[in-house]
Amino acid sequence: MDITVNILLTIATAATPLLIAAIGELVVERSGVLNLGVEGMMIMGAVGGFGATYLTGSPWIGLLAAIAMGAVFSLLFAVMTLSLATNQVATGLSLTLLGLGLSGMMGTSFVGQPGERLPNLYIPGLTEMPVVGRLLFGQDPIFYISIALTAAVMWFLFKTRTGLTLRSIGDSHTSAHALGIQVIRYRYLAVIFGGACAGLAGGHLSLVYTPQWVENMSAGRGWIALALVVFASWRPWRVLAGAYIFGAVWIGQLHAQAFGIPVPSQFLSSLPYLATIVVLVLISRNKRLTMMNTPASLGQPFVPDR
Amino acid sequence: MMRLELVKRPQRSMLFSALSPFIAFALTIIAGAVMFALLGVNPLTAFNIYFIEPISQVWQLHELAIKAAPLILIAVGLSVCYKANIWNIGAEGQFILGGIAGSMVPVLFPQFEGPLVLPLMLLLGMVGGAAYAAIPALLKTRFGTNEILTSLMLVYVAQLFLDWLVRGPWRDPQGHGFPQTIQFNDSAVLPELMPDAGRANWGFVFALVAAVLVWILMSRMLKGFEVRVLGSSPRAGRFAGFGLNRMVFFAFLLSGALAGLAGISEVSGAIGQLQPVISPGYGFTAIIVAFLGRLNPLGIVAAGLVLALTYLGGEAVQSALGISDKVARVFQGMLLFFVLGCDTLIHYRIRLVGLALTKPEGAAKLEAAPKLKEAR
């Protein structure tokens, strides 16, 4: 029983960064913007979170720094694609490339330094409960944030007027503009929210998952988060499910390596990436489903006519 | 508070079309100066070490050519993809698979020598790269799967596959446990162009030939026209009878083959054996090269040389100033940002306008109307 609980806990830990980054990107894409820079914003969040923790000694400040780092970095993308109407695919790619380079440079002196882990939740009495105690009341704080964030985004997108407006912008920015909605302003806020989420996801990596700084430690998770949004056909609860499936794949291959299964470790390591491809193929085969849910103006630059 | 406002130009500006890479480069230099100053280094000293010293001697120019060759080869292929609005960002993986496929000859048949070895390796490299690129193309045309994500995921798979090969079945048994294959025999090594002057090899020639051929293809042949039409307006392309699916395959196979050629040229020329890592991110940097070169094969040659210099400069500041060689990645990223930003100037005029936060646009227009009457 203990092993099962432990495995479930590690799956949750592996799924959390994917979930947070994907939920953020989901809001961005719902507003009609495709930000391929998730990987870059995530790694900036990771280095920012680790750096601030290292300098101040407090992982809580690190957590805030990670969020701020992601948000500020995403602003770069917002200015380019929203104010200067640049190609979103190319700009997102350059955000990722810049983030990988910048984080590597900033993190040079952090390599090999011991990190500080965000403490797990502990509620006397509740956390000690058998089985469910640690699952429900003994995880890291970002886990709870991720669940709350998913619920909040679901509520925001589908139960509030602002959420409806955001979705309408994603489906037709010209119509929204004609109705007097501030398309660009909404999109700025969406992109910054996505950046903050990606930063937080990165912070999870360097403050909880493996509390240290390793170059390129995001290891493609930002890209997997992007794939998750497509997989979830832009629905928050499906992102949650997808993130946990991928968390399970990620942890499953690690456990398989540890058990010494006679398959080369490299093949096991490539499973999450191959699984992403398979899942994308399965979901895109259903053309009706993807056509119906894809925000219609996704990725198209918008220049308001005056 | 100020706000940027874009005003569409009636025609694309030829002036900014030509100037934008230069403006972008100038802005990168300024941003780089700020960065070096923040790192506590005199920017002039740093720039001298970064941009001037690495190309002040002939042998260094050869090193530049070695770095530029794969960048140009890959970027030339990618430019065709991007012109057609097809997003192959997995060139890094196609590069690796090209290197692996071409290396089959010297690694599996080390006794096989003679003039046939190299052409066979190069051919296999191109086939390997093209075959790997065919996967995202097939998934896109068959199932409509997003090619950005699949081609990128395949990069990680390729890196892990290479890692497995050189640590497992292809490891040199006499290599003292190092994860690498045997050294290629002499007839499997890409010859140097001028062995007396420096290390540059035939890979650079391949790059120039590829650039010229693709330039002819894009500007003088129907296929190039097809690429451009489908890229700017798939609907118009359909009416003209151009098949989008065929174009996806054409662009992916071409760019994959060129990336594969770059891979095997690098392995057989600059390295001489397979190692766990055979590319410092050429496949990704080539994306920047393609955009900096305006998706024009001849522009890409120039852009490839510039980006190759950022690699050499990064190594130089690392050894001279103790700054991480990641500084090269930062320069490359900034350069792409500024290029994309400056490209806006080609299609738009940029106006700075004061922003009245409380007034909606309609109200401002209404207020302006009576004033016009008064003026009359």
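User: How is the expected span of a helix worked out?

Analyst: The expected span of a helix is 1.5 Å times one less than its number of residues. In this predicted model, helix α2 (residues 38-56) of chain A has 19 residues and reaches 26 Å from its first C-alpha to its last, which is close to the 27 Å expected at 1.5 Å a residue.

User: How many of the residues of α2(A) are buried, and which residue just after α2(A) takes a positive phi?

Analyst: A residue counts as buried if 20 or more other C-beta atoms lie within 10 Å of its own. In α2(A), 17 of the 19 residues are buried, so this helix is largely enclosed by the rest of the structure. Just after α2(A) comes Gly57(A), with a positive phi of about 80°.

User: Which residues other than glycine have a positive phi, and where are they found?

Analyst: Trp234(A) is one of them, its phi being near 65°; Trp234(A) sits in the loop between α10 and α11 of chain A and is buried, with 23 other C-beta atoms within 10 Å. Leu295(B), also not a glycine, has a positive phi of about 55°. Leu295(B) belongs to the loop between α11 (282-292) and α12 (297-321) of chain B, and because it has 20 other C-beta atoms within 10 Å, Leu295(B) is buried.

User: How should I read the angle at which α6(A) and α11(A) pack?

Analyst: Angles over 145 degrees count as roughly antiparallel. Helix α6 (residues 141-159) of chain A packs against helix α11 (residues 236-258) of chain A at an angle of about 155°, with their axes 9 Å apart, which makes α6(A) roughly antiparallel to α11(A). From α6(A), the contact is made by Thr150(A), Val153(A), Met154(A) and Leu157(A), and from α11(A) by Pro236(A), Trp237(A) and Leu240(A); by class these are six nonpolar, one polar and no charged residues.

User: Which residues does the contact between chain A and chain B take from each side, and which elements of chain A give two or more of them?

Analyst: The contact takes 42 residues from chain A and 43 residues from chain B. On the side of chain A, the elements that give two or more residues are α3 (59-83), α4 (88-106), α10 (221-231), α12 (265-269) and α13 (271-285), and the largest share, 12 residues, comes from α4(A). By class, that side of chain A has 24 nonpolar, 15 polar and three charged residues.

User: How many residues does the largest nonpolar core have, and which have the most contacts inside it?

Analyst: In soluble globular proteins, nonpolar side chains tend to be buried together. Here the largest nonpolar core has 220 residues, and those with the most contacts inside it are Ala22(A), Leu228(A), Ile72(B), Leu73(B), Ile74(B) and Val289(B). Helix α9 (residues 183-209) of chain A supplies the largest share of this core, 16 residues. Leaving aside residues up to four places away in sequence, Ile72(B) touches Ala207(B), Ala211(B), Val289(B), Ile300(B), Val301(B) and Gly304(B).

User: Where is Phe252(B) placed, and is it buried or exposed?

Analyst: Phe252(B) lies in helix α10 (residues 244-271) of chain B and counts as buried, with 30 C-beta neighbours inside 10 Å. Not counting residues up to four places away in sequence, Phe252(B) touches Asn88(B), Ala133(B), Ala134(B), Pro136(B) and Ala137(B).

User: What do the totals for chain B say?

Analyst: Chain B has 14 helices and two strands, and 49% of its 376 residues count as buried.

Technical notes. Residues are numbered from 1 along each chain as its sequence is written. Chains are lettered from A and ligands numbered from 1 in the order in which they are written. This is a predicted model: local features need pLDDT of at least 70, side-chain atom pairs count only at pLDDT 80 or more; totals for chains, interfaces and linings use all residues. Two residues are in contact if their C-beta atoms, placed from the backbone, lie within 7 Å. Helices (H or I, at least four residues) and strands (E, at least two) are DSSP runs, numbered from the N terminus. Ala, Val, Leu, Ile, Met, Phe, Trp, Tyr, Cys and Pro count as nonpolar, Asp, Glu, Lys and Arg as charged, and the others, Gly among them, as polar. Axes are lines fitted to C-alpha atoms, for helices over the stretch in contact, and angles run from 0 to 180 degrees between N-to-C directions. Angles under 35 degrees count as roughly parallel, over 145 as roughly antiparallel, 65 to 115 as roughly perpendicular and the rest as oblique. A residue is buried if 20 or more other C-beta atoms lie within 10 Å of its own, exposed if 12 or fewer, and partly exposed in between; C-beta atoms are placed from the backbone. A nonpolar core is a set of buried Ala, Val, Leu, Ile, Met, Phe, Trp, Tyr and Cys residues joined through C-beta atoms within 7 Å.
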